[in-house]
Amino acid sequence: MPDPAQPTDWHALSTEEALARLESRTEGLERPEAERRLAEHGPNQLKQAESRPWWKRLLEQFNNILMLVLIVAAIASLGLGHTLDAAAIFGVVLIIALIGFIQEGKAEQALESIRQMLSPRANVLRDGRRETIPAEELVPGDIVLVESGDRVPADLRLLEARRFRTEEASLTGESTPVDKDTAAVEAESDLGDRSGMAYASTIVVQGNARGLVVETGAHTQIGRISEMLRGVEQLKTPLLRQIDRAGQVLAFFILVAAALTGAFGVLVHGQPLVEMFMAAVGLAVAAIPEGLPAIVTIGLALGVQAMARRNAIIRRLPAVETLGSISTIFSDKTGTLTRNEMTAQAIWLPQGEVHIEGIGFAPEGSFHRVSEGEPEEAALDLDEDHALRHFLKVGVLCNDAELAEDDGRWKIHGDPTEGALVVAAAKAGLTTVKLRGDHSRSDAIPFESERKYMATLHEVDGEQLLMVKGAPDRLLEMCHRVHTESGEVELDPEEWEARMHALSERGLRVLALAEKRVSDVHELADEHAEEELVLLGLVGLLDPPRDEAIEAVKDCLAAGIRPVMITGDHAVTALAIARQLGFAHTERAISGREIEAMSDADLEAIILEVDVFARAAPEHKLRLVQAMQAKGGICAMTGDGVNDGPALKRADVGVAMGIQGTEAAKEAAEMVLADDNFATIVGAIREGRKVYDNIRKTITFLLPTNGGQGLAIMLAVLAGTTLPVTPLQALWVNMVVAVTLGLALAFEDAEQDIMTRQPRNPDASLLDLFLLWRVVFVSLLLLVGVFGMFSWILEHGGSEMLARTGAVNMLVMGSAAYLINSRYLLRSTLSMAGIFGSRPVWASIGIIVMLQLGWTYLPFMQVIFGSEGLGLGHWGVILAGSLAIYLIVEIEKRVLRARGFRGQPRRP
């Protein structure tokens, strides 16, 4: 083994020398040796970027205009000799900063764990068998298989390369894909000229290859230049930026109002300047919702965690907000709407149709000739049926998938569509290892969506045989003859199109197989495969719809969301599956060729009327997204291939497949589905709606508390009366409400009607007219409660301290009552479920009651905040006032509902 400290010029070594240097072989390492090397070399990971130090995260909590205003107020209070006030303001600011610091730390940890979920996987040969393992477990000497769309998991010395090209912009800055081969080059060659190497983090844009892992982790080229792998984005989203801007505007108006109020008190009522300055400070402290940004961040982080638990991994946080606005989901069919458990059910040979028994990947089932539409009872003898045996043999050889048994369960390594052909052959006793060993592949043309076929070159019975597998309509164009028992005869396209149509009508995905005898061909070119082919037959693959996808489609239609299927399958197959799933418009399907023939205006004209697009290529997806967006739609687009990147980026939410998806697709997407399931997208939309709903509820709840306090102080100054709440008391209320009651709504479950509402208008303001009305309305209710309690105690002979204590508790308990109202913005909470249905709400109410009892009766609290013990009668009035606030808000909701007001910002 070479010394890791001494870099080796792997690009200058031949493939044999590289294998010998790493003591490896083309069949891959044995498992014990791989484990030993992993312990020796360590995991195949780059050193991660250092996270922000704790002190920097803590200081950033103060980098907020609302917090800075409070700090300035504390410094001014200290300068005026109000030491206790200044110390208390500083203390409360620090507590709120610490809460934000702790919660943001938890959010970053959650996002880091999600980033780990996105770690790539690699296809390797171990003990001569293909396996899929986490890329971090790769070791020098491993044999890795890569194909179009993959991210190269380590530095590879290429052993085989078929039309293989990689995009090396992350290393060389060169955006043009680079052609690769297996030849050694000069040791002094520049990085971009090392054609025999594929480097970690580069993207495969075409073809496939087999490579020897020569460097891992920090020893790779990307590790040496210390470029970091991309992860999940930071916690700043458009919503948080909107709240930051709103905070700046709010702070400006609050400061202006405080200054004008203080000036009014001095100039009109002749109050002392220092006293009015402290009143202005009190107004500013009371009105500023300093805990709001932290609470919104927590709400977003909770949403991301909840989605990850449901297999929807958010890569870019703005997607959480956008999900609530989705009006159209463009979804791939295979594996997303269907189970992706392909099973070959029917083979149509020139001699007639053959039915294959068995479902799933287990190689169990027999073959039966179909007569008058029904399978015959007697099973076929494959030793006698040479045409069927040859068809199955070609299906295995023109194929990269493998069948393996793991702990009693059969699974496919590779593409499930190809896997179905391998399983069908295994049912006939034909194994991939023996067939591929007896007829080694000398060259291949990998499948690409543009050409719609795969071709391989083998030696069979001493002759070169070109085998082709692909879309039936494409292969029918390339075939001129058909292979029958009596020899090759002229192909009848109409007859075979009718057979293809018959299979498609059953909801089967159809593939065609063909072959061609060639001679003296050493390297395949497209022209070898695209003419003079001899058709062998068709195979129909069953891929039933997911049960949960059927339910998810119902949920979509109820929520005003249109599911649209985009598939490479035949139109008849796609429509059959769409009808089983319950799609709305299944009268017709538009083909990829029809899309190409349409102008942008024509496509926009039909985009709202067609739910199935068949024989569609990745480039068609981009046009469909653009057409939908031109009609005002907000759309999600699924994708798994390297060519899906432009459509994923253009869509409002790009959704990549976590299992079948390429690394290129995941890089382009905002969201990755860990289970490749359509129902997971719908679940994520539900979660996105819930997160946004809860943030609106939190804002609607918090602002009236600040508004009620601020108005109470302003009214007292303008009227020339005693302040009902001191600056310190206002700060206390802000703190305890924000850290207890304010957090409760972030944990609320989604409302029952969340998925029966129309999609949210993405351009709607967070604080629309409805929310502004609710904030003002409840602020006035709390103002009446605070002033009413303050005045009532004074009129009954209570001291100012006692009256303020009553006013503060009235404000807090009124806010607690309003918290129950806020569980539903418009629906009534006058029910057992509405009042008692949320544990977080009642836990937060219990905590704030204990805090208020301590604030009211503990001696040191009384000294700091100027509070005084209340009697039972006072508490009775406070509870009655809180109940009145709760009932008045419920009456307001009822009036709004009676007038047909919905309370949700909808698309115009």
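**Salt bridges, strands, cysteines and rings in a predicted model**

D385 and R369 form a salt bridge, with 2.8 Å between their closest N and O atoms; the term covers a side-chain nitrogen of Lys or Arg within 4 Å of a carboxyl oxygen of Asp or Glu. This pair links distant parts of the chain, 16 residues apart, with D385 in the loop between β13 (374-375) and α12 (386-397) and R369 in strand β12 (residues 367-371). Helices (H or I, at least four residues) and strands (E, at least two) are DSSP runs, numbered from the N terminus. D385 has a relative accessibility of 10% and so counts as buried. Here, buried means under 20% relative accessible area, exposed over 50%, and partly exposed in between (1.4 Å probe, protein chains only).

The model is predicted, so local features need pLDDT of at least 70 and side-chain atom pairs count only at pLDDT 80 or more, while totals for chains, interfaces and linings use all residues. Residues are numbered from 1 along each chain as its sequence is written, and side-chain values use heavy atoms, with hydrogens and water left out.

Across the whole structure, the search finds 43 salt bridges. Side chains of opposite charge can pair when their charged atoms come close. Another of these contacts is that of D526 with R451, at 3.7 Å from N to O. Because D526 lies in helix α17 (residues 526-529) and R451 in the loop between β16 (441-445) and β17, the pair ties together parts that are 75 residues apart in sequence. D526 is partly exposed at 28% relative accessibility, whereas R451, at 12%, is buried.

A salt bridge also joins D473 to R615, whose closest N and O atoms are 2.6 Å apart. D473 belongs to helix α15 (residues 472-478) and R615 to the loop between β25 (612-614) and α22 (618-630), so this contact ties together parts that are 142 residues apart in sequence. D473 is partly exposed, at 26% relative accessibility, and R615 is buried, with a relative accessible area of 11%. Elsewhere, salt bridges with shared partners join D693, K697, E751, D753, R757 and R827 into one network.

Attention now turns to the strands. How much of strand β18 is buried? Seven of the eight residues of β18 (residues 463-470) are buried, so this strand is largely enclosed by the rest of the structure. Strands are said to pair if DSSP finds at least two bridges between them. On one side of the account is strand β17 (residues 453-460), which pairs with β18 in the antiparallel sense over eight bridges. T456 stands opposite M467 in β18. The two strands, β17 and β18, form a hairpin with two residues between them, and D461 in the turn has a positive phi of about 50 degrees. β18 also pairs with strand β21 (residues 508-518), in the antiparallel sense and over seven bridges; in this pairing K469 stands opposite L513 in β21.

The cysteines can be described briefly. Zero disulfides are found in a search of the whole structure, a disulfide being a pair of cysteine sulfur atoms within 2.5 Å. For C479, the nearest cysteine sulfur is that of C398, 12 Å away. For C635, the nearest is that of C556, at 14 Å. C479 is buried, with a relative accessible area of 5%, and C635 is buried at 0% relative accessibility.

Finally, the aromatic rings. The structure holds six aromatic pairs; rings of Phe, Tyr and Trp (its six-membered ring) pair if their centres lie within 6.5 Å, and planes under 30 degrees apart count as stacked, over 60 as edge-to-face and the rest as tilted. One of them, W773 with F777, is stacked, at 5.1 Å centre to centre and 25 degrees between the planes. Both residues lie in helix α27 (residues 769-795), four residues apart, or about one turn of the helix. W773 is partly exposed, with a relative accessible area of 40%, while F777 is buried at 16% relative accessibility. In W855 and F865, the ring centres are 6.3 Å apart and the planes are at 45 degrees, so this pair is tilted. W855 is in helix α30 (residues 839-857) and F865 in helix α31 (residues 859-865), 10 residues apart. Both W855 and F865 are buried, and together with W732 they form one aromatic cluster.
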